[in-house]
Amino acid sequence: MSLLPQDAREETTAFFIDSDSEHNSERDDHHQVILQKANALASENCLKEAIDCVSLAMRYGPVRPDELSVVVDCIFRNFKSKLAGPDAGPGQSGDTCGDSIFDCPNCRGFLAEPVTLACGHSYCKRCLHRRLLSKCKLCDEVVKGEEKLNITLTRLLDKWFPGQTKTTKSLSELDELLSNKCYHEVVTLATNVIQADPESMVVARLSRSEAYTALQQYQEALEDAEFCSRPEMLQRSSAEATFRKAMVLFEMGQVDKSLQVFLHCLALDENFPCAKRHVEKILCNLLFPDEEKVKEGLKETAHNSSPHLRNKAFMADQPSPAQKQHQVRATSAHIHSEGQERRWESLERHSLSRAHSLQIHSSSCEEGLKRVCSAPQLGNQEKGSLLKRKLSVSDTEPSVVDRVSSKHKKQGAAKSSIQQLVKEKTCRKVSKDVLDPNDFECALCMRLFYEPVTTPCGHTFCKTCLERCLDHTPHCPLCKESLKQYLACRKYMVTTVLDLLIKHYLSQEYAERTKTHLDETRELSDLTKNVPIFVCTMAYPTVPCPLHVFEPRYRLMIRRCMETGTRQFGMCINDPQKGFVDYGCMLIIRSVHFLPDGRSVVDTVGGKRFRVLTRGMKDGYSTADIEHLEDTRVEDSEEQKRLQELYNAVYDQARVWFQNLKVRFHNQILQHFGPMPEREADIQATPNGPACCWWLLAVLPIDPRYQLSVLSMSSLKERLVKIQQILTYLQSIPSI
């Protein structure tokens, strides 16, 4: 029976709970601080010190693989700097036979089933489907992986190269079989493809290597991967072959070698997906192995020591009672990390490397388990030295890549035959018999593509044609798929392959199409002929005029003003009979803010005044031939003096009126039109006269028709008199 009251016991319990919580919080803080120090040291290229800090952080709590990202970057930098020159980055130049336009920028193979990214560059479907790249190789644009086949380009390649597209279907079938885990069928089909089409042997061998790995036939898988990762073959398989080789070694339990090959893969392609993530997992497993994983590694060491058991499924012997008791203790101690172990379950069978790192060479599973259980944990310095040995690429201990390369050098005859096979790559030329300009025709304007743009749904249009369609509806003109997100990004990048094909094979037709486009652009650039007219409201020189543009015809008009570089259009008010009035003001576009749905907010300011000579219509919006208006200049000195006195009087009167406005009206004017312009010394310095006249005309509450009459005046004196009369009338009204 407790001697403490119930409340006291609860307070005591709460006290100890808070104490434990504070202790755990303190450990977490230490854990994070040490990891931050490790990252800082890794950023300074102090690899050993960074690894020591990571080992120290593991005393305060587990370290996730993703928390070792900066350390892995440091390891990669050291590894890359120690690689020999020729091995640092082979094969990224690609084939230079003049027809690389038909090659995938990633795998250097035939651009089969092309998919065009948002940046305008095209890749084969296989590279995107298997997620072999995270960024565009040509511009570093992030790959989303949601794009569909480029329909126009696919039809062209099917028509021009029917044999290679047929082979592509076989390779696609391999990927389909792999996704369905039909590995035996993959091996058979890949072997047939290799024999039938030598040019596709690299892709077929990589698929076969993946299937062999799944079937645990590691020796065959490694042979295929090593064949594709040879320097003379890397030009066609890029970093994928090196990654596949690393995965085979990883599955075989040779973690040391796989780590080096993963790093070599990153040396070929720093952005290769999954490679860095595997390095992080391996590093985390090397620095902080679970006891259960060490036991698994020793089991594999004992049973894989016999060559005839190397490629067979592991079948454990019945454990002794002592082993069972020890396994129960290890399992109970490992329950708390079950969630983390589930995430890294792919590493559990690869602790062979760790067992060698502990220098435990056991001939039997039982003896090995006893030695590991009695072995102390490695210290920080030992772990740093251990990892240094694993990552060694020095001259005295060459990397696995160098060893494999030297092994292949001995096979002179085989290597020369492979090089000859690589050189025999067919130079893809398009026959004139199959060239048809109609294949490059835009479905909207029925003319040759000009600046072809491919939508995410795979359809291609001229850039200007697509933009005009999106002015009306955010859907593809052909398949009606939603393009709202595509419209919101407003990245209408030209499809590079199609553009190059048109310029190369249809140079004459392209020259004619370019001339037509330039003539149309030149016509739109004239600021006196066919000037676009926005029929909306009154506009005045020097006065801001913000616009919300939502009608499709005016979206097109604003876009053309921006593309031609004029950045100007006319503004007039409506006239029931003529369509718009005879006088207006040019507006200069200062900025355009596009909204996700295609609408835009256009910031403009008034420019020159004009008089309409003739009216017209173009693509739904009004146009006009115009002449610009200027004030008649006063030359007589006496007239100039009287004009200046009139201006000063009007300016003082306007300032009094503005200051006496109610606060609400005063603030609204400031928000929309800004403050009243300063007094000008030379009132005839500009063709439109002083800016305060137009600011007053814009803010004064008068009829637009009366404002229009003042706008059309070419006499500054008459304009000042009109404004003076308006101010006198408004000041006589008490409510204003």
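UniProt places the feature "domain: RING-type", from an unreviewed entry, at residues 104-140 and 442-480. Positions from UniProt follow the numbering used here, feature names are shortened, and annotations may be inferred rather than shown by experiment. What you're looking at is a predicted model, where local features need pLDDT of at least 70, side-chain atom pairs count only at pLDDT 80 or more, and totals for chains, interfaces and linings use all residues. Residues are numbered from 1 along each chain as its sequence is written, and side-chain values use heavy atoms, with hydrogens and water left out.

Over residues 104-140 the chain is 14% helix and 16% strand, with the end C-alpha atoms 15 Å apart. Over residues 442-480 it is 26% helix and 15% strand, and there the end C-alpha atoms are 17 Å apart. Helices (H or I, at least four residues) and strands (E, at least two) are DSSP runs, numbered from the N terminus.

## The whole chain

Let's zoom out. The protein chain has 31 helices and twelve strands. Of its 736 residues, 47% count as buried. Buried means under 20% relative accessible area, exposed means over 50%, and partly exposed is in between (1.4 Å probe, protein chains only).

The chain exposes about 37,300 Å², and carbon and sulfur atoms supply 52% of that. Accessible areas come from the Shrake-Rupley method with a 1.4 Å probe; for residues, only the protein chains shown count as cover. Now for contacts, meaning heavy atoms within 4.5 Å: among those between residues at least 6 apart in sequence, 66% join residues at least 24 apart.

## Two residues with positive phi

Most residues other than glycine have a negative phi. Met 446 has a positive one, near 60 degrees, and lies in the loop between helix 21 (412-423) and strand 3 (452-454).

Lys 480 also has a positive phi, near 65 degrees. Look for Lys 480 in the loop between helix 22 (463-472) and helix 23 (484-489). Is Lys 480 buried or exposed? At 56% relative accessibility, Lys 480 counts as exposed.

Helix 2 (residues 47-57) has eight of its eleven residues buried, so it is largely enclosed by the rest of the structure. Among the buried ones are Leu 47, Ile 51, Asp 52 and Val 54.

In helix 6 (residues 151-160), the buried residues include Thr 152, Leu 156 and Trp 160. Which elements cover the buried residues of helix 6? The cover includes strand 1 (114-116), strand 2 (122-124), helix 7 (162-179), strand 4 (460-462) and helix 24 (496-505). At the start of helix 6, a side-chain oxygen of Asn 150 reaches to within 3.3 Å of the backbone nitrogen of Thr 152. That's a polar contact: a pair of N or O atoms within 3.5 Å, where, within protein, one must be able to donate a hydrogen and the other to accept it, and residues adjacent in sequence count only if both atoms are side-chain atoms.

Thr 165 lies in helix 7 and is buried, with a relative accessible area of 12%. A polar atom of the Thr 165 side chain lies 2.8 Å from the backbone oxygen of Pro 162. Leaving out residues up to four places away in sequence, Thr 165 touches Phe 110, Leu 157 and Asp 158.

## Aromatic rings

Rings of Phe, Tyr and Trp (its six-membered ring) pair if their centres lie within 6.5 Å; planes under 30 degrees apart count as stacked, over 60 as edge-to-face and the rest as tilted. By this rule the count comes to 14 aromatic pairs. In one of them, the rings of Phe 250 and Phe 262 have centres 6.3 Å apart and planes at 70 degrees, so the pair is edge-to-face. Phe 250 sits in helix 11 (residues 234-251) and Phe 262 in helix 12 (residues 255-268), twelve residues apart. Phe 250 and Phe 262 are both buried.

Phe 658 and Trp 695 also pair edge-to-face, with 5.2 Å centre to centre and 85 degrees between the planes. Phe 658 belongs to helix 27 (residues 637-659) and Trp 695 to helix 29 (residues 691-699), so the pair ties together parts that are 37 residues apart in sequence. Separately, Phe 102, Phe 110, Trp 160, Phe 161, Phe 440 and Tyr 505 form one aromatic cluster.

## Strand 5 and its partners

Strand 5 (residues 531-535) is mostly covered, with four of its five residues buried. Strands pair if DSSP finds at least two bridges between them. Strand 5 pairs with strand 12 (residues 621-629) in the antiparallel sense over three bridges, and Ile 533 stands opposite Ser 622 in strand 12. With strand 7 (residues 568-572), strand 5 pairs in the parallel sense, over three bridges. Here the bridge partner of Val 535 is Cys 572 in strand 7.
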